[in-house]
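Welcome! Please take a moment with the sequence and the 3D structure shown here before reading on.

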Amino acid sequence: MILLGPPGAGKGTQARLLVDKLQLMQLSTGDMLRDAVAAGTETGLKAKELIDRGDLVPDDIVVGIVSDRLDDPDAQDGIIFDGFPRTLGQADAFEAMLSEKGIRLDAVVEMRCDNDQLIERITGRYTCGNCGEGYHSSYKKPKVENVCDVCGRSEMRQREDDTVEAFRARLLNYYKDTAPLIGYYHAKNALRIVDGMAAIEDVTKQIDAVITA
Ligand code: AP5
Ligand code: MG
């Protein structure tokens with residue numbers, strides 16, 4: 001399944017919930033690229049500046065890391081793609097990859113959003129630096145302030161690209177390069193639409209309903 005939506009739509013939030021619920025694997029190209037930056041790999045060095053500016057990383061790099069990840073043993077039981085594909089070039093390469101590896105695409109879920117509310121989602125977001133659980137200063141607070149509900153550590157972080165400028169660039173790139181995928185997958189009869197502005201648990205229910213329908 002692919003989760004498609006602008007920055008702050010809730011792709012990562014829903015992917016993590018669905019992983020637990022449906023025993024799937026989350027494949028987030030954003031997380032993979034940020035890990036590569038933190039590890040200082042060649043990919044990370046190429047990607048860092050682009051990510052910090054809110055620009056897309058070149059297709060060949062992203063397609064390469066996704067293709068490699070799909071060969072891992074834990075990728076054989078079902079995958080939620082969070083943030084991939086996000087250009088028509090990536091979508092075409094993904095099609096070829098799926099048929100080569102014998103993987104079936106079940107659904108593309110568009111998380112439809114009110115653009116005016118996304119900035120608040122982005123600037124209020126923080127993440128556990130240890131386990132990656134995501135939080136929000138208004139919508140998803142940990143039970144104990146500054147302590148992760150999942151792993152109990154106090155290592156909350158904000159993403160370097162969660163500035164107003166980088167968010168604007170990410171939103172622009174979404175509408176320029178990624179939104180055409182909505183029509184692409186609609187034409188392939190794979191598109192399902194949910195209300196990304198509903199409460200977190202309601203969005204999960206809607207996704208559950210459209211993928212089991
Ligand atoms: P990526 O990490 O994918 O960032 P993004 O697409 O900008 O999306 P976000 O992660 O910001 O938002 P999200 O939808 O996951 O929202 P979240 O669940 O956290 O990519 C980052 C960068 O990496 C790109 O700019 C690019 O440079 C590069 N990159 C990645 N993939 C690439 C690719 N395929 N090709 C090229 N380059 C690539 O939620 C946001 C906040 O809102 C959280 O605080 C959450 O708690 C809260 N929230 C979530 N849902 C709700 C709700 N329903 N109600 C209230 N609050 C909510
Ligand atoms: Mg995300």
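## About the model

This is a predicted model, in which local features need pLDDT of at least 70, side-chain atom pairs count only at pLDDT 80 or more, and totals for chains, interfaces and linings use all residues. Residues are numbered from 1 along each chain as its sequence is written, chains are lettered from A and ligands numbered from 1 in the order in which they are written, and side-chain values use heavy atoms, with hydrogens and water left out.

## Overall fold

The protein has nine helices and eight strands; helices (H or I, at least four residues) and strands (E, at least two) are DSSP runs, numbered from the N terminus. Its radius of gyration is 16 Å, close to the 17 Å that the globule rule gives for 213 residues, so the protein is as compact as a globular protein of that length. That radius is taken over C-alpha atoms, and the rule is 2.2 Å times the number of residues to the power 0.38. The C-alpha trace spans about 45 × 40 × 35 Å along its principal axes.

## Around ligand 1

Ligand 1 is surrounded by 35 residues, the closest being Thr13, Thr29, Asp55, Arg125 and Arg170; a residue is near a molecule if one of its heavy atoms lies within 4 Å of it. By class, this shell holds 16 nonpolar, 10 polar and nine charged residues (Ala, Val, Leu, Ile, Met, Phe, Trp, Tyr, Cys and Pro count as nonpolar, Asp, Glu, Lys and Arg as charged, and the others, Gly among them, as polar).

Which atoms of Gly8 and Arg34 lie 2.9 Å from an oxygen atom of ligand 1? For Gly8, a backbone N or O atom does; for Arg34, a polar side-chain atom. A backbone N or O atom of Val57 lies 3.0 Å from a nitrogen atom of the ligand. Taken alone, ligand 1 exposes 1,000 Å², and the protein buries 96% of that (areas come from the Shrake-Rupley method with a 1.4 Å probe). The elements that give two or more residues to the shell are α1 (11-22), α2 (29-39), α6 (115-123), β6 (134-136) and α9 (200-212), and α2 gives the most, with four.

## Two backbone details

Most residues other than glycine have a negative phi, and most peptide bonds are trans. The peptide bond from Phe84 to Pro85 is cis, with omega near -10 degrees, and Pro85 lies in the loop between β3 and α5. Asn146, in the loop between β6 and β7 (156-157), has a positive phi, near 70 degrees.

How values were computed. Polar contact = N/O pair within 3.5 Å; in protein donor to acceptor, adjacent residues only side chain to side chain.
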